[in-house]
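Please keep the sequence and the 3D view open while going through the points.

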Amino acid sequence: MLTCSEVLAELSNYLDNEVSAELRQGLEEHLKDCPNCWVLFDTTRKTIQIFRGTEPYPLPEGLHDKLQEALRKRMEQDPPGQN
Ligand SMILES: [Zn+2]
């Protein structure tokens, strides 16, 4: 049986599928029997899912200003409503 600290040390590896089959089995057995580790596992898993899945990529710094400037120039060259 793995200890809690061993489980926690391998938690991110486990979530990344970077543990051996043997270790995976040990982790899963521990998580079944240990509510404390289960909660941490579940929270970490959800955090990773949010981070990888739905977190929007931030705009690179300065891109917003460049977009604004490009829009402004475009409006000056081609004002709307004058065709
Ligand atoms: Zn535990």
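The numbered points below go from the chain as a whole to the metal site and then to the salt bridges.

1. On the basis of the note. This is a predicted model, in which local features need pLDDT of at least 70 and side-chain atom pairs count only at pLDDT 80 or more, while totals for chains, interfaces and linings use all residues. Residues are numbered from 1 along each chain as its sequence is written, and side-chain values use heavy atoms, with hydrogens and water left out.

2. On the overall fold. The chain holds four helices and zero strands, giving the pattern α-α-α-α when read along the sequence. Helices (H or I, at least four residues) and strands (E, at least two) are DSSP runs, numbered from the N terminus. Of the contacts between residues at least 6 apart in sequence, 56% join residues at least 24 apart, where contact means heavy atoms within 4.5 Å.

3. On surface and burial. The accessible surface of the chain comes to about 7000 Å², and 54% of it belongs to carbon and sulfur atoms; such areas come from the Shrake-Rupley method with a 1.4 Å probe, and for residues only the protein chains shown count as cover. Of the 83 residues in the chain, 16% are buried. Here buried means under 20% relative accessible area, exposed means over 50%, and partly exposed lies in between (1.4 Å probe, protein chains only).

4. On the zinc site. Which protein atoms are the donors of the zinc ion? They are Cys 4 (SG), His 30 (NE2), Cys 34 (SG) and Cys 37 (SG), at 1.9 to 2.3 Å from the ion, and their spacing along the chain is C-x25-H-x3-C-x2-C. Cys 4 belongs to helix α1 (residues 4-15) and His 30 to helix α2 (residues 21-33), so this pair ties together parts that are 26 residues apart in sequence. Donors are N, O and S atoms within 2.8 Å of the metal (3.2 Å for Na, K and Ca), and since water is not among the atoms, sites may look incomplete.

5. On the geometry and cover of that site.

6. A search of the whole structure finds zero disulfides, a disulfide being a pair of cysteine sulfur atoms within 2.5 Å.

7. On salt bridges. The count comes to five salt bridges, each a side-chain nitrogen of Lys or Arg within 4 Å of a carboxyl oxygen of Asp or Glu. One of them joins Arg 24 and Glu 28 (3.7 Å, N to O), and because these residues are four apart in helix α2, about one helical turn separates them. Another joins Glu 69 and Lys 73 (3.3 Å, N to O), which are four residues apart in helix α4 (residues 63-77); Glu 69 is partly exposed at 35% relative accessibility, as is Lys 73 at 43%. Elsewhere, salt bridges that share partners join Asp 42, Arg 45 and Lys 46 into one network.

8. Asp 42 counts as buried at 15% relative accessibility, whereas Arg 45 is partly exposed at 30%.
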